[in-house]
Amino acid sequence: MATKATSSQKYLQLLLLQVTLLGPVSCGKVLVWPTEGSHWLNVKIIIQELIHRGHNVTILVSNASLFIKPAEATEKFEVYNVPFETDTVENLIRHTVALWLDNRPTTLTFWQFYKELGKLSKHWNQMNRLMCDAVVTNQELMAHLQESGYDLVLSDPVTPCGELVALKLAIPFIYSLRFSPAFTLERHCGKIPTPPSYTPAALSELTDSMSFSQRIKNILSYHLQDYVFQSYWGEWDVYYSKVLGRTTTLCETMGKAEIWLIRTYWDFEFPRPFLPNFEFVGGLHCQPAKPLPKEMEEFVQSSGEHGIVVFSLGSMVNNLTDEKSNIIARALSQLPQKVLWRYKGKKPEALGSNTRIYDWIPQNDLLGHPLAKAFLTHGGTNGIYEAIYHGIPMVGIPMFADQHDNIAHMRAKGAAVELDFNRLTTQDLVNALNTVINNSTYKENALRLSKIHHDQPIKPLDRAVFWVEFVMRHKGAKHLRPAAHHLTWYQYHCLDVLAFLLTCAAIAVFILVKCCLFCCRRCGRIAKRKKD
C-alpha cells in the first residue's frame, strides 16, 4: 500500500510540475472575416480548433452567404445585411467556371482569357465593396464589435475588408489564404520575393524548371495578372482612405498583416523564398480516416483485391451535361475497381454496376481506406491534400481557378495524370486511371509526398493555431515583418543606389576623359614648341 501511495504522489507531483511549467492559459476573442467555398472550409477547421482550446470566436457573415450557414454551425455569428441575393454569388461562380472552360489560357487565348477575367474581377470587387460597406458603415454593428473587445481578426485577403475592420477596431490581423493570382498580394503587399526565373506565377501551370519560352510565359503571366488585378486597386485605395479618414492604399493596409498563413507546404510547393511572417500550413484539415458508414463499407469491401476509386469534382460543380456525364460513367464501368462518385446531377444512363453515386461522400475517410487505389479529382487544394496525406495517386480533371495549377504541381511530382475536361473521352479516362493504379511509380511518388507531409516537427493545424495565439499573446508580430514595408518602390529595387553609382561612374569617366584630353592637348603644344 505504501508503494502505491508513493507512486501516486510521484504522478501527482509530475502533473503539478507540468501545470507549473505551462503557466496560466489565457483565452482570447477572435473575429473572423471569411471567404466563400473551399476558403471557408479551411478557416472553419482553425475556428473549431480555437473554440476547442477555449477561445471565443465570432464570424462576420452576410445574409447572402452561399456556403457559410449560421444555422448549421455551433460557432457564434454576426450576420449583416447586403443589398444583393445569394443568386448573385451563384451567378458569379457559374460565370467564373464557364470562363475557364471556354477560354482556358493557351498561347492563342492568353489575352482573351485575362481580359474576361478582368471583367469578372470587377464584378467580384463590386460585390465585395458592398459587403464591406454593409459592415464598416453600420455604426451600431461597429460599436458592438468595438465593445466586444476582440484581440485579433482572422481574415482572407481574397475578399478585402477584414484588414479594414481590424484597423477600425485597432487590433492586429492575420491572413489565411492559398494564393492570390501571380502572388500579387503576397509580392506587392506582403513583400515576399518571387524571382520569375524559377518561381512559377500562380495560374501559369508552370514548374520551377522552365525553358526559355516558359520563362517568357512566366514573366508575361506575372505582368498580365498584375495588370488585371491591380487595375481595380485604385477604387479600393479611395474607399479605404475614405473609411480610415487618411490617405492610404489597399496594399499598404494589407501589408500590416502580422502573419500570412499559406495553405500549402513543401510536399506541394516548389522551393521558393519566403519571409519569417509567412507560415506554410497546407493540409491542416487532414486527419486519420474514420470508419465508413455500414452500407458504404460493405460496398467498398465488395471490391476485393481490385480496391476502389474515389471520384469528386468538388462542391462548386453539381451538374454535368448528359454527354459528359455518360462519357465519364462509361469509362468508370470498364474498371475492375468499385467507384464511389460524389455527384448531385442526373444519373447517367451509362452508369455501371460497379459505380455508386452519392450526394456527399466522406472523402478523407475513403482516401484513407486500405482499399483506396486512386483519386479522380477536379484538383481542388483540399482534396489534393487529403490524397497527399493518405498517399493516393490522382487523375486530375481540372476545370477552373487554381485547379490546373494544382494538378500541374502533382504531375510534376509524379503523383498524377492530367486530362482535359473539354476534350475528355471514355478511353482517355480509362487509360489514365489504369496508369495511376497499375504503374507503381505513381503510388510510390504519392507515398513519398505523404512521408514528407507527415514528417513535420509540428502538425499544420497546430502551427496555424500557434501563430494565432502568438499574435494574441504579443499583441502582434512586428519583429517578423521585413523592413521592405518602409521602403519606396525605387528603394526596394535599389534604383536610387544604382542611379547614384551610375552617376559617380559617369562623373569619373567624364573627369578621366577631360584629363586625358587636357594631357593630349598639353603634350601636343609641348611637341609643337620643340619643333619650332
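**View 1. A salt bridge joins aspartate 402 and arginine 178.** Their closest N and O atoms are 3.6 Å apart in this predicted model. That distance meets the cut-off for a salt bridge, because a side-chain nitrogen of Lys or Arg must lie within 4 Å of a carboxyl oxygen of Asp or Glu. Between domain 1 and domain 2, the count is one salt bridge. Side chains of opposite charge can pair when their charged atoms come close.

**View 2. The protein is assigned two domains, domain 1 and domain 2.** Domain 1 is made of two stretches, 29–284 and 459–485. Domain 2 covers 294–455. Taken over C-alpha atoms, the domain centres are 29 Å apart.

View 3. About 2400 Å² is buried between the two domains. Carbon and sulfur atoms give 60% of that area. Which residues of domain 1 lose the most area to domain 2? They are Leu101, Asp267 and Phe268. Together, these three make up 30% of what the domain 1 side buries.

**View 4. Eleven residue pairs are in polar contact between domain 1 and domain 2, counting pairs with both residues at pLDDT 80 or more.**

**View 5. Glutamate 235 and arginine 129 form another salt bridge.** Here the closest N and O atoms are 2.6 Å apart. Glutamate 235 sits in helix α9 (residues 233–244), and arginine 129 sits in helix α4 (residues 110–136), so the pair ties together parts that are 106 residues apart in sequence. The structure holds 13 salt bridges.

**View 6. Residues 497–520 are listed by UniProt as a "transmembrane region".** The listing comes from an unreviewed entry. In the model, the span is 100% helix and 0% strand. Its end C-alpha atoms lie 34 Å apart.

Note on methods
Residues are numbered from 1 along each chain as its sequence is written. This is a predicted model: local features need pLDDT of at least 70, side-chain atom pairs count only at pLDDT 80 or more; totals for chains, interfaces and linings use all residues. Side-chain values use heavy atoms; hydrogens and water are left out. Domain bounds come from an automatic or database domain assignment. Buried area is the accessible area (1.4 Å probe) that two parts lose on being put together, summed over both. A polar contact is a pair of N or O atoms within 3.5 Å; within protein, one must be able to donate a hydrogen and the other to accept it, and residues adjacent in sequence count only if both atoms are side-chain atoms. UniProt positions are given in the numbering used here, feature names are shortened, and annotations may be inferred rather than shown by experiment. Helices (H or I, at least four residues) and strands (E, at least two) are DSSP runs, numbered from the N terminus.
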